[in-house]
Amino acid sequence: MKILETISFMLSGFLLFNFLFSLVYILSKSAGKGFYRWITFGMDFLAIIFFPFFGLTQLVATSTYERFNWFVARLLLILYAIVIFSLMIAFFVGFTYFVGKR
């Protein structure tokens, strides 16, 4: 049971960071890119370390901003943020469920 609790807690934490980073990207494309460059400092090993925290949103945001105009991209990022938020809540509820089973 402790393994499931740990996995659920870590996934909810990673999704929380991705949700907050998606809000940065919704505000501004340049702010999101600048923040990600500031976090990784252009070093590949930092990009690998920070991938669970920011990488999923970075991948989604850059692909949507490259493919669509700014209005549609922001609407898709809002939809992405809603999905990430609901997954985060689901994993957090799963974490509290596993903790309460003891």
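Modeller: Read along the sequence, this predicted chain follows the pattern α-α-α-α-α, with 5 helices and 0 strands; helices (H or I, at least four residues) and strands (E, at least two) are DSSP runs numbered from the N terminus. The model is predicted, so local features need pLDDT of at least 70 and side-chain atom pairs count only at pLDDT 80 or more, while totals for chains, interfaces and linings use all residues. Residues are numbered from 1 along each chain as its sequence is written, and side-chain values use heavy atoms, with hydrogens and water left out.

Biologist: How many aromatic pairs are there by the rule applied here?

Modeller: A pair of aromatic rings is described by the distance of the centres and the angle of the planes. Rings of Phe, Tyr and Trp (its six-membered ring) pair if their centres lie within 6.5 Å; planes under 30 degrees apart count as stacked, over 60 as edge-to-face and the rest as tilted. The count comes to 4 aromatic pairs by this rule. Phe21 and Tyr25 have ring centres 5.3 Å apart and planes at 80°, so the pair is edge-to-face. Both residues lie in helix H1 (residues 2-27), 4 residues apart, about one turn of the helix.

Biologist: Is Phe21 buried or exposed?

Modeller: Buried means under 20% relative accessible area, exposed over 50%, and partly exposed in between (1.4 Å probe, protein chains only). Phe21, at 2%, counts as buried, and Tyr25 is buried at 0%. The rings of Trp70 and Phe71 have centres 6.0 Å apart and planes at 85°, so that pair is edge-to-face. Trp70 is exposed at 57%, whereas Phe71 is partly exposed at 48%.

Biologist: Which residues do ring pairs link into a cluster?

Modeller: Phe21, Tyr25 and Tyr65 are linked in this way.
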